[in-house]
Amino acid sequence: AGGGGGAARYPARIVKWRELTTEKSVDRQVLEVELEVRSVDWAYAPGDSIGVDCSNDASMVDALLTRLKTDGTRRVRIAPQGASAVPLHLAGPPATVRDILLRKVDLTSMPKKALVRLLGDWCSNPEDSEALYRLSSIQGKRDFLRKVEEETLPLIDLLQQFPSSQPPVALLLQTLPALSPRYYSIASSPLHSP
C-alpha cells in the first residue's frame with residue numbers, strides 16, 4: 001500500500017475482508033478490508049486515504065500477450081534511445097514483458113485517441129486501419145463516444161474487434177498510461193484500533 005507521487009510505500013498484508021454491498025447497491029461493490037500495518041510507523045486519521053498499488057488481471061495480460069504474439073517471459077529494460085524520452089512509469093530495472101504489463105501500464109482504462117491511431121498504424125487490413133483512423137479523428141467523435149467511451153472498451157477488446165492490428169509491444173507500452181494507485185478512505189481510528 002502507498003500513495004502516489006513521492007509518498008512512502010509500505011507493504012501490508014490483508015488480514016481479512018468482507019463484502020458490505022447489498023442488493024440495493026447495484027452500481028458499486030463495497031468491501032471492508034483489514035490490513036496488518038502494526039510494523040509500519042505512520043500516522044493517520046479517519047477520512048485520510050490510502051493508495052493501494054494494484055495489478056492488472058493476469059488473464060487479461062496473458063490474453064494480450066497471446067493476441068500480440070509476444071513472449072511474456074522475455075526480459076527487457078526500457079531506456080531512452082537517442083533523443084526519445086521514456087515515460088517515467090516504464091523506467092526501472094530489467095523486467096519481463098508480462099511483469100511490465102501486469103504492474104506498470106493501465107490496460108483497463110478507456111483508450112485515448114492516440115492509442116486508437118497507433119492501432120490503426122499497424123493494421124494489415126486497410127478496412128481495419130480506416131475504421132481505427134476514423135475513430136481517432138474529429139469526424140469520428142460520435143463513433144468514438146458510442147463505441148469506446150460508452151462501452152468503456154479496454155485495449156484487449158479493441159484489438160479483438162480489429163484483428164489485423166499488430167502493434168509492436170514497445171510502442172504500445174510507450175502509449176499506454178501508467179497504472180495508478182487506487183485510493184480508498186480510511187474508516188478506522190488509530191485511537192480505537194492502534
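## Ground rules

Residues are numbered from 1 along each chain as its sequence is written. Because the model is predicted, local features need pLDDT of at least 70 and side-chain atom pairs count only at pLDDT 80 or more, while totals for chains, interfaces and linings use all residues; side-chain values use heavy atoms, with hydrogens and water left out.

## The whole chain

The protein chain has seven helices and six strands, where helices (H or I, at least four residues) and strands (E, at least two) are DSSP runs numbered from the N terminus. Starting at that end, the order is β-β-β-α-β-β-α-α-α-α-α-α-β.

Of the 194 residues, 32% are buried (under 20% relative accessible area; exposed is over 50%, partly exposed in between, with a 1.4 Å probe and protein chains only).

## Helix 4

Helix 4 covers residues 126–135, and its buried residues are Asp 128, Ser 129, Leu 132 and Leu 135. Looking down the axis, they fall within an arc of 125°, so they line one face of the helix (the arc uses directions from the helix axis to the C-beta atoms). They pack against helix 3 (113–121) and helix 5 (141–149), with contact meaning heavy atoms within 4.5 Å.

Turned away from that buried side are the exposed residues Pro 126, Glu 127 and Glu 130.

## An exposed strand residue

Over in strand 1 sits Ile 14. Ile 14 counts as exposed because its relative accessibility is 51%.
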